[in-house]
Amino acid sequence: MSILEIKGVQYSYDKKKKVLRGISAQLEKGKIYAILGPSGSGKTTLLSLIGGLDEPTSGEIIYKGENISKIGLDNHRKNNVSFIFQSYNLIDYMTPIENVNLTSKLPALPVIERVGLTKEEAKRNILKLSGGQQQRVAIARALASDAEILLADEPTGNLDEDTAQSISELLLDSAHGNAQKCVVIVTHSHVLAKQADVVWHLKRGELRV
Amino acid sequence: MKGGFFMSFIHRAFLYVIRKRTKTLILFLILLVISTLVLSGISIRDATETAQLNVRQALGGVFTLDQNTGDPSKWVNTEVEGFGTRSYYGGVPLTVDLADYIMENVSSIKGYDATYINYVVPKNEDGDSLELLESEDGESGMDALLSGFGDFNSSVSAYASTNTNFNSYFAGGYIELVEGRHLVPGDTNVAIISKELADINGLSIGDTLVLQMSEYKASMMGYDAENTKIEVEIIGLFQATAKSVTSLSNWSMDNALYTTLDVVRHARPDMGDESYEHINFYVNDPGQLDNTISTIKALPDIDPTDFVINVDSSDVDSVMEPLTNMDRLIGILIVLILVVGAVILYLILANRIKERIHESGILLSLGVSKAKIIGQYLIEVALVAILAFGLSVFSSGVVAQTVGNQLLDYTLSDSVSNNSPNEIEDYDGMSIVGSDDFAPQFEGKNDLTQIQVSISATAIILLCVAGFAVICISVVLAALPILRLKPKEILSKMS
């Protein structure tokens with residue numbers, strides 16, 4: 001059963017250059033969706049529209065039967081989706097625990113330990129962690145959220161191969177494990193895409209499965 | 001579910017203030033400097049306003065009612081056998097009844113003193129002329145000239161007064177009562193003399209003086225000096241608080257005496273039925289002077305053409321001028337500090353928020369509302385401001401007192417150097433009080449050398465209201481350009 005439906009979504013900058021041309025798709029819980037495509041094909045834009053960071057020029061994003069514009073984009077971002085960015089996007093004056101607490105309504109430490117950080121590392125300043133550790137914190141923040149959809153934009157783009165692999169496993173687990181989240185990953189990595197349940201190719205603003 | 005571990009914007013604000021110590025310290029110091037300057041400015045302005053009020057209440061407002069002797073139609077010529085024509089002023093005399101009528105009908109007047117000055121020879125009970133005090137300046141040319149006029153240089157100034165409480169010299173603080181009591185309405189055969197004169201003649205309260213016309217003058221005018229003698233009891237002693245000079249040392253303030261018009265009239269029968277020369281009226285607040293004078297002129301039993309009303313605001317003006325200048329200066333400074341402070345604060349907060357575009361984007365992507373992001377920034381600044389404003393209460397106490405006194409020094413020296421010679425008559429460094437040719441002239445008296453500055457609760461409330469208003473406006477204005485963007489645009493800027 002779909003949790004989110006994309007219905008005829010179009011997006012253009014300044015109503016001139018069309019980035020997305022009437023995209024329709026359905027997302028289900030417990031599945032990983034990988035969006036592949038060349039740079040400028042609209043991958044990140046599509047992710048932003050699903051996550052309520054922007055509004056489509058036309059068409060609808062429907063979450064559990066309701067247009068997210070009606071839910072309110074703030075509410076949608078707060079309750080329905082969580083993000084993982086390539087640049088981690090952690091708040092630098094907070095510890096990993098505090099960063100996770102930005103979204104978590106439950107104790108943060110177990111989640112942080114689950115993504116592979118120690119208790120001591122969980123209390124350090126974010127800037128004193130490596131890139132891989134910071135991305136783990138970002139994943140922990142996304143996992144700790146109640147949101148059923150996890151949106152990841154190039155989550156392994158800045159990481160070495162080993163770290164990227166362990167991050168991929170965490171994302172797989174969040175969809176196929178107990179959490180049963182719907183995970184949408186924008187990536188250039190074919191390795192990561194191969195592990196997805198569904199792979200979308202975005203080319204010239206059009207989506208092909 | 002909203003509770004649990006979910007971090008509130010207030011918690012985030014606390015974390016930022018604590019973790020970003022350098023930024024917090026810089027903001028704290030800037031807010032401390034601005035708030036200290038604003039609070040000092042407000043406190044100094046309050047102090048000058050209080051000082052102005054105190055001065056006005058202490059000095060009061062004075063105006064003098066004189067006969068309109070400049071109007072030729074008021075003069076009457078009569079033929080006196082053997083002497084030819086004698087002219088006298090025929091207008092309404094200045095009497096106690098007139099003064100009482102005005103007092104009863106004009107509520108803003110707090111008191112009056114009707115005065116008349118003449119010259120009498122004071123003697124002790126044994127009939128010996130009192131030893132008089134020499135002026136510090138030594139014998140003037142006039143003294144030497146009068147030494148050949150018999151007992152004329154034993155005469156002293158005799159002020160007929162109805163109430164020395166409101167006498168211009170007493171009320172102006174140029175002389176003060178140091179023993180005994182003031183001369184008040186209803187007194188008869190009493191006198192107040194200077195303590196110095198009393199001391200060198202061995203006189204004290206309760207002793208008797210004999211006043212009379214000078215024998216030289218009496219013989220010239222065909223009076224028997226013996227018949228002009230009148231006994232008065234010393235009821236008070238005064239002391240000068242300011243230096244005075246006079247043309248004749250025997251008519252100096254140190255030798256002068258205050259008594260009643262009946263006594264002067266008895267000792268000087270040559271003055272005939274002359275009325276008082278001036279009536280000094282005192283109002284509680286100089287600000288009420290114009291209204292009071294208008295009311296008097298409109299009284300049904302007063303013909304305004306009979307009198308001349310002169311307003312003497314020199315005492316008040318000399319003290320008020322530096323305070324008014326200072327009040328104006330401080331007003332401008334407060335506005336400048338507020339404007340410059342608000343601009344500096346806005347620039348700092350705008351820069352601070354611009355630097356945090358990354359954080360704003362992250363929070364927006366996590367579903368934190370724009371209102372809560374602004375709320376966090378506001379609380380951060382408010383937390384620092386509370387500390388800075390709190391500390392400024394102490395720092396501004398020191399700054400305000402120091403700056404206030406320095407500004408007062410500046411405005412005092414400025415007002416002295418700016419005095420127009422037409423406004424205050426200067427005579428060898430003395431400002432003239434009183435217009436009688438032979439009346440003593442006192443040095444200008446200005447006790448205002450410092451103001452008492454205190455930090456009032458009102459000033460603190462004013463600072464907090466203005467400060468937090470500026471902070472709110474600055475934060476909102478600074479955050480608007482960022483928060484007007486869509487989260488995706490902010491995240492694009494981040495990347």
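## Around helix α8 of chain A

The buried residues of α8(A) are covered by elements of chain A that include β3 (32-36), α7 (131-144), β7 (149-153), β8 (182-186) and α9 (190-194). This is a predicted model: local features need pLDDT of at least 70, side-chain atom pairs count only at pLDDT 80 or more, and totals for chains, interfaces and linings use all residues. Residues are numbered from 1 along each chain as its sequence is written, while chains are lettered from A and ligands numbered from 1 in the order in which they are written. Helices (H or I, at least four residues) and strands (E, at least two) are DSSP runs, numbered from the N terminus.

Which residues of α8(A) are buried? They are A:Ile167, A:Ser168, A:Leu170, A:Leu171, A:Ser174 and A:Ala175. Buried means that 20 or more other C-beta atoms lie within 10 Å of the residue's own; exposed means 12 or fewer, and partly exposed is in between, with C-beta atoms placed from the backbone.

Seen down the axis of α8(A), the buried residues fall within an arc of 155 degrees, so they line one face of the helix. The arc is taken over the directions from the helix axis to the C-beta atoms. The face turned away from the buried side carries the exposed residues A:Glu161, A:Asp162 and A:Glu169.

Helix α8 of chain A covers residues 161-176. Its 16 residues should span 22 Å at 1.5 Å a residue, and the end C-alpha atoms are 22 Å apart, which agrees. The expected span is 1.5 Å times one less than the number of residues.

A:Asp162 counts as exposed because it has 9 C-beta neighbours inside 10 Å. A:Asp162 and A:Gly132 are 30 residues apart in sequence, yet their C-alpha atoms are 9.7 Å apart in space.

## Nonpolar cores

The largest nonpolar core has 107 residues. A nonpolar core is a set of buried Ala, Val, Leu, Ile, Met, Phe, Trp, Tyr and Cys residues joined through C-beta atoms within 7 Å. A:Ile35, A:Ile112, A:Val183, A:Val184 and A:Ile185 have the most contacts inside this core. Helix α12 (residues 370-417) of chain B gives the most to it, with 10 residues. Apart from this core lies another, of 60 residues, among them B:Tyr112, B:Phe170, B:Tyr258 and B:Ile279.

What does A:Ile185 touch, leaving aside its neighbours within four places in sequence? Its contacts include A:Ile32, A:Tyr33, A:Ala34 and A:Ile35. A:Leu171 is also in contact with A:Ile185. Two residues are in contact if their C-beta atoms, placed from the backbone, lie within 7 Å.

## Where chain A meets chain B

In chain A, 23 residues are in contact with 20 residues of chain B. On the chain A side, the elements that give two or more residues are α3 (73-79) and α4 (96-101). The largest share, 5 residues, comes from α3(A). This side of chain A divides into 9 nonpolar, 8 polar and 6 charged residues. Ala, Val, Leu, Ile, Met, Phe, Trp, Tyr, Cys and Pro count as nonpolar, Asp, Glu, Lys and Arg as charged, and the others, Gly among them, as polar.

Chain B has 14 helices and 16 strands. Of its 495 residues, 40% count as buried.

A:Gln180 lies in the loop between α8 and β8 of chain A. A:Gln180 is not a glycine, but its phi is positive, about 55 degrees. B:Asn189 lies in the loop between β6 (175-180) and β7 (190-194) of chain B. Phi of B:Asn189 is near 55 degrees, again a positive value in a residue other than glycine.
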